[in-house]
Each structure stands twice: as structure tokens, then as C-alpha cells.
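I opened this entry to record a few look-ups in one structure. The sequence and the structure come first.

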Amino acid sequence: MMKLNAKIILGLVAAVTLVLGTGCGKKEEQIKGIKIGVSLYDAHDTFIAELMNEFNNDITEEANKQGITISVETEDSEGSQAKQNSAVQRLIEQKACDILCVNLVDRTNPTAIIDAAQQHDIPVIFFNRELVEGDLERWNKLYYVGADARQSGIYEGELAAEAFLENPSYDKNGDGVIQYVMFEGEAGHQDSIVRTETSVGTLMEKKLKVDKLSSVIANWNRAQASSKMSTLIEEFGDEIELVLANNDDMALGVIDAYNSAHIMNSKRPVIVGIDGTNDGKNAVKAGDMYGTVYNDKEGQAKAMIDLITALAVKKDTSEIQFTNGRYIRLPYVKISQQDMH
Ligand code: BGC
């Protein structure tokens with residue numbers, strides 16, 4: 001399913017390109033078409049694949065609405081910053097884009113992309129993987145679309161807190177302390193760092209006592225999380241009362257490990273994720289995951305498209321609601337089982 005999505009996305013060099021023979025960045029009185037270059041850190045990442053599905057569906061609607069043609073060329077960097085840099089360079093040099101949407105591989109290393117874009121006057125919308133503020137400030141045609149990582153961690157902590165406050169039996173050994181395991185995304189990703197800290201911080205603010213049994217990095221990845229969880233089940237068995245995962249794919253990996261170990265639901269810990277991916281929401285609905293936090297992929301796709309239209313078609317961003325500076329952040333939403341029925 002995931003692979004299929006990625007294939008669809010990559011195959012989708014959408015629509016007709018007629019762009020008036022314009023070079024990248026050249027202004028035209030009447031815009032008839034625009035070319036968007038999209039560069040992804042990894043097209044197989046579930047959240048990114050779902051976000052791009054939204055984006056590609058909505059872009060067709062936007063083209064109809066604006067009465068223009070919009071072409072989208074999507075590149076997969078497969079986790080390599082060097083690959084991303086050369087793909088972006090190629091898109092720019094071959095005049096294959098009027099605007100760039102970049103999901104950085106290494107969010108601390110956008111220099112090559114910023115320099116190339118600025119040289120050819122191509123605005124860049126960075127998304128999902130947040131560059132540091134100093135880099136965004138290097139040129140006034142750099143933007144960021146994403147979310148507020150802190151809010152997602154707080155919501156995850158609130159969901160977990162609610163579980164234990166409402167169901168004292170989730171404290172399996174009855175010691176008044178929540179023994180938990182943390183599944184972290186990539187080291188250095190803004191969402192891993194902040195979600196890890198704020199989810200546990202929220203539990204403590206709510207006066208719940210916590211005891212970390214283990215914290216593992218599973219790079220947002222379901223298979224990695226599953227294999228690491230299998231080891232933790234062997235090590236800690238029934239002691240684990242809560243699993244906080246930085247994203248749904250890792251929470252699903254944790255569930256996979258419990259399924260493989262044939263441990264029934266009533267013996268499992270409370271498992272909470274973040275993203276509200278399709279599979280994540282289904283796991284909440286099925287009662288396998290206690291809750292998740294919706295990472296608004298629809299809102300983020302729409303915000304990117306509105307910004308693209310403002311920059312490349314209307315040449316006016318005055319109607320765009322920036323959260324601050326040139327940042328757009330969409331709010332997260334808590335999802336628990338009640339919301340799924
Ligand atoms: C999502 C993860 C995703 C990551 C990719 C995060 O915001 O929650 O699921 O893997 O972005 O950068």
C-alpha cells in the first residue's frame with residue numbers, strides 16, 4: 001500500500017506543461033501555467049506519502065480553479081542530502097520549476113539548495129523538516145510549512161495522562177508509577193526532539209509519576225520499531241505500562257511486535273502515537289492504539305498550494321496568514337477512540 005502510494009506520487013509528473021516558454025522565475029503579465037519542483041527526503045515515509053497524495057489531488061483542483069496548467073515534478077532523495085542537492089540543481093538548471101517545495105533530508109544543511117534557488121530567483125517552500133531560523137532568514141523568498149512540534153508532544157502526553165487517570169488498572173503493578181518506553185524518530189529531527197521531551201513533560205505536569213524503562217530510536221520506521229519492541233518485550237515482559245511513540249508508524253511497529261509475541265490486548269501497555277495516518281487511525285478504531293495526534297496533512301498540503309499560488313500566480317502573499325515571519329504552522333488535533341465512532 002505504502003509502496004504503491006510512493007509509485008503513484010513519483011509517476012505523477014502531473015498535468016500539461018505549457019508555461020509560455022518562461023524561464024524559472026521570469027515574471028509574466030498573464031500566468032498560464034506554473035511548474036513545481038518537489039523534492040522529498042524519502043518517498044517511502046508513510047506520513048510524507050500521505051501528505052503528497054493530498055498535495056497531488058489538491059493541485060489538480062487548484063489548476064482548474066485558477067484556469068491554468070500546473071505541472072509537478074517529484075524527486076525522491078532516498079535519505080541522501082547529496083542526492084537531494086543534485087536533484088534540486090537539475091530542476092533549477094533545466095528550468096523545470098518556477099517554485100520549489102523541499103522536504104530536506106538534513107534539516108541543518110540547506111545551504112546548497114538556498115544558494116542555487118537564490119541565484120535563479122526561485123522561491124522555496126520548505127516543509128515538514130524544519131530548517132533552523134537563521135537559514136530561513138537568509139533570503140526573503142524562503143518559507144516553511146509545517147506544524148508546532150511542541151503541541152503534538154503535549155497532546156500525546158495528555159492522551160496518555162487521560163488513559164491512566166481514567167483507568168487505574170493500566171498501572172499494572174499498582175505501584176503508582178507509570179513504567180514507560182519511548183520510541184523516538186530520527187535523531188536531530190525537530191519532531192523527535194520536541195515530542196520526546198514534551199510528551200513526558202506533560203505527564204509529569206499532570207502529577208503522574210513516570211519511570212523510563214527504555215528509550216530507543218527507530219527512525220520513524222515501522223519495521224525498526226517492531227524489531228526493537230520484540231527485544232524490549234523479552235527484556236521487560238509485563239513491566240511495560242505505556243509506550244509513547246514519536247509517530248504512528250513506530251506505534252504500529254510496537255503493535256506488530258505484540259501480535260508476533262501473541263500477547264493479547266488486555267495484557268499490553270497503553271500505546272500512543274502521533275500523525276493520524278490512515279493505518280494509525282484504523283489502529284485507534286480497532287482499540288490496538290489508545291490514541292494518536294493528527295498531523296494535519298490536509299491543512300499542510302493546502303497551505304503549500306495557497307502559498308504556491310500566491311507566489312507564482314498572484315505574485316502577492318498579502319492574503320496568506322503566516323504564523324510568524326514566513327512560517328505557516330497547522331495545529332494538531334487529538335484523536336482518541338471516541339472520535340473514531
Ligand atoms: C511525522 C513522521 C515523519 C516525519 C518525516 C513527522 O512530522 O510525524 O511520521 O516520518 O515527519 O520528516
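The notes below cover the ligand site, the aromatic rings and one glutamine.

I am working from a predicted model.

I listed the residues around the ligand and got Tyr41, Asp45, Phe47, Asn128, Arg129, His189, Asp191, Arg195, Trp220, Asn247, Asp275 and Asn295. I then looked up polar distances to ligand oxygen atoms. For aspartate 275, a polar side-chain atom lies 2.5 Å from a ligand oxygen. For histidine 189, I found 2.9 Å between a side-chain N or O atom and an oxygen of the ligand. For arginine 129, the corresponding value is 3.0 Å. The ligand taken alone exposes 310 Å², of which the protein buries 99%.

Arginine 129 again. I checked its position against tyrosine 41: arginine 129 lies over the face of that ring, 3.6 Å from the ring centre. Both residues are also on the list around the ligand.

Aromatic pairs. I counted three aromatic pairs. One I looked at is phenylalanine 164 with tyrosine 170: the ring centres are 6.0 Å apart and the planes stand at 75°, so I noted the pair as edge-to-face. Phenylalanine 164 is buried, because its relative accessibility is 7%. Tyrosine 170, at 30%, is partly exposed.

Glutamine 81. I placed this residue in helix 3, residues 81-93. I put glutamine 81 down as buried because its relative accessible area is 11%, under the 20% cut-off. Its side chain reaches the backbone nitrogen of aspartate 106 at 2.7 Å. Beyond neighbours within four places in sequence, I found glutamine 81 in contact with Leu104, Val105, Asp106, Asn109 and Ile113.

Conventions:
Residues are numbered from 1 along each chain as its sequence is written. This is a predicted model: local features need pLDDT of at least 70, side-chain atom pairs count only at pLDDT 80 or more; totals for chains, interfaces and linings use all residues. Side-chain values use heavy atoms; hydrogens and water are left out. Rings of Phe, Tyr and Trp (its six-membered ring) pair if their centres lie within 6.5 Å; planes under 30 degrees apart count as stacked, over 60 as edge-to-face and the rest as tilted. Buried means under 20% relative accessible area, exposed over 50%, partly exposed in between (1.4 Å probe, protein chains only). A charge sits over a ring if NZ of Lys or CZ of Arg is within 6 Å of the ring centre and within 35 degrees of the ring normal. Helices (H or I, at least four residues) and strands (E, at least two) are DSSP runs, numbered from the N terminus. A polar contact is a pair of N or O atoms within 3.5 Å; within protein, one must be able to donate a hydrogen and the other to accept it, and residues adjacent in sequence count only if both atoms are side-chain atoms. Contact means heavy atoms within 4.5 Å. A residue is near a molecule or strand if one of its heavy atoms lies within 4 Å of it. Accessible areas come from the Shrake-Rupley method with a 1.4 Å probe; for residues, only the protein chains shown count as cover.
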